[in-house]
Amino acid sequence: MSPTASPAASPTQAGRIAGIIVAVVVVQFLMLVAFAWPAARSAPQDLPIVVAGPQAQAVAQRLEQQRPGAFDVKTLPDEAAAREALTDRDAYGAIVTTPQGPQVLVASAASPAVAQVLQQLAQNMSPSATPAVPVRDVVAADPDDPRGAGFGALALPLVMSSLAAAVIVTFLVHGIGRRAVAVTGIALLGGACAAALAQGWLSVLPGSYLAVAGVMALAIAAVAGVITGFTSVMGRPGIGVGAVLFMLIGNPLSAATSAPEMLPQPWGDLGQLLPPAPRPRCCGRWPSSTARERARPWPCCSAGSPSAPC
């Protein structure tokens with residue numbers, strides 16, 4: 001006996017097809033803008049640096065004339081004070097004037113991208129007929145990840161996996177309390193595994209394992225917890241709201257591979273309010289955060305030993 005044939009599905013209406021096409025293209029366009037625009041417009045915006053030495057004031061005025069709004073310049077008396085500003089995370093770099101000529105100090109552990117900008121600045125300071133301005137890396141990046149590429153590559157997978165965790169918890173775990181327990185467990189175990197990967201295998205995040213694992217866990221909990229909360233209040237649309245918030249806003253504006261002062265403002269500041277980069281700012285305003293955890297060992301480093309133990 002042959003099975004009863006199911007009725008054929010009716011063809012999709014042309015208006016619905018047009019709506020799907022428009023919706024997909026709009027989402028694609030927004031993703032392109034979110035990820036490409038900050039990178040294409042990356043430039044210093046009030047980037048904290050210091051100028052030290054007998055001609056500090058003159059150099060600071062020249063920088064303001066040549067690159068208005070690019071740098072937030074603070075003058076200091078000598079090289080020792082400039083080095084202290086870098087190791088204390090009060091600035092990304094320094095120009096030190098001496099009777100023998102200027103030299104540039106950078107802290108690639110804070111941001112390899114900013115260090116490259118300051119190195120280019122040093123080249124522009126040196127006329128072609130004179131020796132190049134020396135550049136010294138006071139706080140070097142981890143030798144296993146000197147350009148910060150491995151570290152920056154951790155941000156997007158961390159957000160995507162946290163979003164997936166929120167979806168799984170939403171559909172498989174019932175009850176607000178149980179969902180909170182599930183998110184907490186995922187954050188703790190996920191943070192421990194992510195820190196083990198970043199430190200043990202990739203070696204891109206030096207410093208205390210517990211500190212790195214704690215920061216990773218907080219980032220996971222921030223994304224997964226918020227999206228789970230959204231779905232508890234709004235239902236399934238909460239997943240879309242969370243994806244837009246963290247994937248299209250938080251991640252491309254996190255400045256994980258550069259610095260918030262390198263993004264168009266006020267978007268650089270906005271990105272620091274969301275995971276994976278909760279306010280990694282300079283000038284003494286850097287709490288522990290995923291996007292600047294590599295700078296935590298700064299007080300333990302020296303110019304010759306970037307990973308010296310505390």
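Residues are numbered from 1 along each chain as its sequence is written. In this predicted model, local features need pLDDT of at least 70, side-chain atom pairs count only at pLDDT 80 or more, and totals for chains, interfaces and linings use all residues; side-chain values use heavy atoms, without hydrogens and water.

Start with the sheet. Five strands form an open sheet, in the order β2-β1-β3-β4-β5, with mixed pairing. Strands (E, at least two residues) and helices (H or I, at least four) are DSSP runs, numbered from the N terminus. Two strands pair if DSSP finds at least two bridges between them. The edges are β2 (71–76) and β5 (135–137), each pairing on one side only. Strand β1 (residues 47–52) runs parallel to β3 (residues 93–96), and four bridges join the pair. Find A52: its bridge partner in β3 is V96.

Now look at the helices on the sheet. Helix α3 (residues 79–87) lies across β1, β2, β3, β4 (103–106) and β5, at about 25 degrees to β4. Helix α4 (residues 112–125) lies across β1, β2, β3, β4 and β5 too, but at about 180 degrees to β4. Such angles run from 0 to 180 degrees between N-to-C directions, and the axes are lines fitted to C-alpha atoms, for helices over the stretch in contact. Contact means heavy atoms within 4.5 Å.

Buried means under 20% relative accessible area, exposed over 50%, and partly exposed in between (1.4 Å probe, protein chains only). The largest core has 36 residues, and V50, L86 and L118 touch the most other members. Among its suppliers, β1, α3 and α4 each give at least two residues. L118 touches residues including I49, F71 and V104, not counting those up to four places away in sequence. A second, separate core of 14 residues includes A187 and I220.

Finish at Q265, in the loop between α9 and α10 (267–271). Is Q265 buried or partly exposed? Q265 is partly exposed, because its relative accessible area is 34%. Its C-alpha atom is separated by 9.9 Å from that of P38, 227 residues apart along the chain.

Notes: A nonpolar core is a set of buried Ala, Val, Leu, Ile, Met, Phe, Trp, Tyr and Cys residues joined through side-chain atoms within 4.5 Å.
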